[in-house]
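My notes are below, in the order I took them.

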Amino acid sequence: MGIPAGAIEALRDARHVLVLTGSGASAESGVPTFREAQTGLWENFNPMELATPDAFLRDPALVWRWYRWRRELVARAEPNPGHYALAGLVDRIPQLTLITQNVDGLHQRAGSHDVVEFHGSLFADRCFDNDCHLDAHTSDDELPRCPQCGGLLRPGVVWFGEPIPPAALDAADAASRDCDVFLSVGTSSLVWPAAGLAEIAAGRGATVIEINIDATPLSGSSHFVLQGKAGELLPELLDCLDVEEH
Ligand code: NAD
């Protein structure tokens with residue numbers, strides 16, 4: 001399937017492109033999405049029941065073991081051609097805002113700067129009890145403690161049911177209102193409030209382009225749906241942008 005000419009044209013004409021990525025953008029790096037079966041040790045656990053404050057309060061050591069396993073998995077993974085294509089897109093568009101729901105740091109490792117980490121990061125811990133300021137603190141202790149208040153540390157990710165970090169939410173809201181192309185990549189469009197950003201953008205006249213291997217709730221209202229793998233379609237998109245116009 002080729003990339004529709006209208007999608008290329010919208011990107012060529014764009015002043016500000018907002019890219020929102022989800023776990024599908026990292027799937028080809030070998031990082032499983034939440035909707036894929038967990039493997040090995042964790043196959044009997046449901047991520048929706050581990051990634052919550054209640055799960056942490058019930059059994060912090062179990063939740064920490066899961067996050068340490070995910071950290072190791074991600075540390076062994078490499079960015080894929082989709083991550084690199086997005087890092088290259090910045091040179092072809094006057095303004096690009098990259099917002100990711102991923103916590104794996106792979107966009108940054110591929111060379112993207114100023115990535116808005118909507119759901120935090122696997123590689124920064126936070127104090128569970130207080131708003132202690134920690135500089136990207138991570139620990140390998142079984143139950144790490146806050147160096148400032150002595151309370152429990154927790155992974156610095158946004159769990160289900162938790163608010164988005166205000167700075168990320170403000171940046172996402174502003175970019176959604178300002179962009180003229182909204183490119184959704186490898187996200188199920190089921191997790192809110194990220195799932196609502198495309199609607200804000202479309203409501204202000206932006207062209208919505210979706211890249212996903214499957215249909216999602218966003219597909220029906222997208223102007224262009226590119227069905228396929230992010231690691232293949234994004235480099236193809238970049239190639240099309242580089243071809244001289246006639
Ligand atoms: P999701 O797991 O709900 O959905 C993934 C989407 O990616 C699906 O729609 C699927 O069809 C699509 N997909 C899978 N492989 C693809 C590919 N190769 N190319 C294009 N699309 C592909 O993920 P979500 O929407 O990001 O939401 C789940 C939450 O889980 C998010 O908060 C996310 O932060 C978190 N999560 C993050 C990671 C990570 O950091 N890599 C991994 C798992 C889950």
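Predicted model: local features only at pLDDT ≥ 70, side-chain atom pairs only at ≥ 80, totals over all residues.

Entry 1. I looked up the largest pocket and found about 1000 Å³ of space in it. Its lining has 49 residues, and Gly22, Ser23, Gly24, Thr33 and Phe34 are the ones nearest the centre. I then checked which elements give two or more residues to this lining, and they are helix 2 (24-27), helix 5 (60-76) and strand 7 (207-212). Helix 5 has the largest share, with six residues.

Entry 2. I sorted the lining of the largest pocket by class and got 25 nonpolar, 16 polar and eight charged residues.

Entry 3. Next I turned to the second largest pocket, which holds about 610 Å³ of space. I found 23 residues lining this pocket, with Gly120, Asp125, Arg126, Gly156 and Pro165 closest to its centre. Strand 4 (120-127) and helix 8 (166-178) each supply at least two lining residues here. The largest share is six residues, and I traced it to strand 4.

Entry 4. By class, I have the lining of the second largest pocket down as twelve nonpolar, six polar and five charged residues. I also checked the domains: domain 1 and domain 2 each give at least three residues to this lining.

Technical notes:
Residues numbered from 1 in each chain as written. Heavy atoms only, no water. 1 Å grid on protein atoms, 1.4 Å probe; cavity = no way out; pocket = protein on both sides within 12 Å on 5 of 7 lines; lining within 4 Å. Points joined across faces, edges and corners; volume = space filled by probe spheres on them. Helix = DSSP H or I, 4+ residues; strand = E, 2+ residues; numbered from the N terminus. Nonpolar A, V, L, I, M, F, W, Y, C, P; charged D, E, K, R; others polar. Domains from an automatic or database assignment.
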